[in-house]
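Here are my notes for someone opening this one for the first time. Have the sequence and the model side by side as you go.

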Amino acid sequence: MTSREAREPEPSNQARPGSLRDPDAVLMSRAGEGDRGAWQALYVRHRQFVYATAVRFLDDEAAARDVAQDVFVALFSHARAYRSAGKFQAFLRRITVNRCINERASARNRRTSGSADPALDTVADHAPDPEARLERDQTAAAVRSAVAALPARQRIAVILSRFEGLSYEEIAQALDCSVSSVESLLFRARQKLADVLSGVRGDREG
Amino acid sequence: MTCRSARKLLSRRISGPLPGGDGAALERHLASCTECRREQARLEGAWRALDALGAPGAAPDDWDRIEGALDRGSRWWEGAWTWDLAPGGAGRAWVLAGMIVIGAGGGVLISRPLLVRTQPGPVEARAFAETLGDLPWDSPAVGLDRAFAGRAREEGTP
């Protein structure tokens, strides 16, 4: 199966209200029947979101790949029991968030001395001189450290809001909490980030 | 609007426009409050600074790994249950409490016959009666059974 075929599912002949508008629901339905092509199509469609979220949360490429594997294995293992009552992406986000938080809890003593993924360390480098590049790298390190210091739920809320552009309602679904809880999480996270990063910027300017 | 209320709305506004009249109320407050304007700049600056993290890069194609894991059935229990899909904290607590209750209740039901056996059963009663009947002829207890039986007849009790 080509990547193009994997991305574009064949139209379903079964008339299911609501599910035909969501190609992911159609693919999950087929995956529940053991269609490996549907499994792969779902993986291709959603692996970037799962991987990017895990990498940003864990700051570890190898761990992020393991999390992504666990997420999709769990997803396909439950494909038969999946009911398209809600949106598939909300379901996937919930699994991804839970798996990321569990991974962090189980690897609490793992040292994260920086990402193993060179891409994370590479910021759009328009600075021509070494001094500017050094300053940018130090800023990136400070930001990464500030985010890593956030509690797990605040961190994941920041990632989903800042990098995935999710609404408060969507974040609440992913975290299995209320919208007011998400407001509180992001409020506290932003305060902490501002406390840490304003000190970093103040040192540079002062 | 107080500064406390305004600062809660400042966080919300970073994610997008505020609903209803909150946006207008916040703008009016910011127009007159230097501290809150400074806080707004601080929060927005920190949020923009997250751009420094950069992009994580393209996700590697680990389909073979995933398919292999599914084929191996490396997580056989996921067919029945996985905590990744478990309900939130309160739900898990109820599940755990239910398991404890079922386990404890089952233990009591299984052990109940053993507990009841502490009471004297028919075998013990017979042994006691037989023992009493075997008392030596000069024992103070000899004849007491006949005395009790006679009194019982007089009183009309069995």
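Where does His29(B) sit in chain B?

1. His29(B) is found in helix α2 of chain B, which covers residues 22-32. Helices here are DSSP runs (H or I, at least four residues; strands are E, at least two), numbered from the N terminus. One housekeeping remark before going on: this is a predicted model, where local features need pLDDT of at least 70, side-chain atom pairs count only at pLDDT 80 or more, and totals for chains, interfaces and linings use all residues. Residues are numbered from 1 along each chain as its sequence is written, chains are lettered from A and ligands numbered from 1 in the order in which they are written, and side-chain values use heavy atoms, with hydrogens and water left out.

2. Is His29(B) buried or exposed? His29(B) counts as buried because its relative accessibility is 10%; the cut-offs are under 20% relative accessible area for buried, over 50% for exposed and partly exposed in between, using a 1.4 Å probe and protein chains only. Setting aside neighbours within four places in sequence, His29(B) touches Met1(B), Thr2(B), Cys3(B), Ala6(B) and Cys36(B). Contact means heavy atoms within 4.5 Å.

3. Now for how α2(B) meets α1(B), the helix of residues 3-15. The two pack at about 120°, their axes 10 Å apart; axes are lines fitted to C-alpha atoms, for helices over the stretch in contact, and angles run from 0 to 180 degrees between N-to-C directions. That makes α1(B) and α2(B) oblique to each other, since angles under 35 degrees count as roughly parallel, over 145 as roughly antiparallel, 65 to 115 as roughly perpendicular and the rest as oblique. Their crossing is left-handed, meaning that the near helix is turned anticlockwise from the far one by less than a right angle (clockwise would be right-handed). On the α1(B) side the contact uses Cys3(B), Ala6(B), Leu9(B), Leu10(B) and Arg13(B), and on the α2(B) side Asp22(B), Leu26(B), Glu27(B), His29(B) and Leu30(B).

4. Over to chain A, which has 10 helices and 0 strands. Of its 206 residues, 48% are buried. Among contacts in chain A with a separation of 6 or more, 61% are between residues 24 or more positions apart.

5. How many salt bridges does the structure hold over all chains? There are 19, each being a side-chain nitrogen of Lys or Arg within 4 Å of a carboxyl oxygen of Asp or Glu. One of them pairs Asp59(A) with Arg144(A), with the closest N and O atoms 3.5 Å apart. Asp59(A) is in the loop between α3 (36-58) and α4 (61-77) of chain A, while Arg144(A) is in helix α7 (residues 130-148), so this pair ties together parts 85 residues apart in sequence. Both Asp59(A) and Arg144(A) are buried.

6. Another pair to click on is Arg99(A) and Asp70(A), a salt bridge whose closest N and O atoms are 2.5 Å apart. Arg99(A) belongs to helix α5 (residues 88-106) of chain A and Asp70(A) to α4 of chain A, so the pair ties together parts 29 residues apart in sequence. Arg99(A) is buried, at a relative accessible area of 12%, and Asp70(A) is buried too, at 6% relative accessibility.

7. What about the two chains? Asp195(A) and Arg42(B) form a salt bridge, with 2.7 Å between the closest N and O atoms. This pair joins two chains, because Asp195(A) lies in helix α10 (residues 179-205) of chain A and Arg42(B) in helix α3 (residues 34-49) of chain B. Asp195(A) counts as partly exposed, at 48% relative accessibility. A network of salt bridges also links Arg65(A), Asp66(A), Asp62(B) and Arg65(B).

8. Look at helix α4 of chain B (residues 63-72) as well: Trp63(B), Ile66(B), Gly68(B), Ala69(B) and Leu70(B) are buried there. The buried residues of α4(B) pack against α3 and α4 of chain A. Just after α4(B), Gly73(B) has a positive phi of about 65°.

9. Last, some backbone angles. Most residues other than glycine have a negative phi. Asp59(A) has a positive phi near 55° without being a glycine. Asp176(A), also not a glycine, has a positive phi of about 55°; Asp176(A) is in the loop between α9 (168-175) and α10 of chain A and is partly exposed, at 40% relative accessibility.
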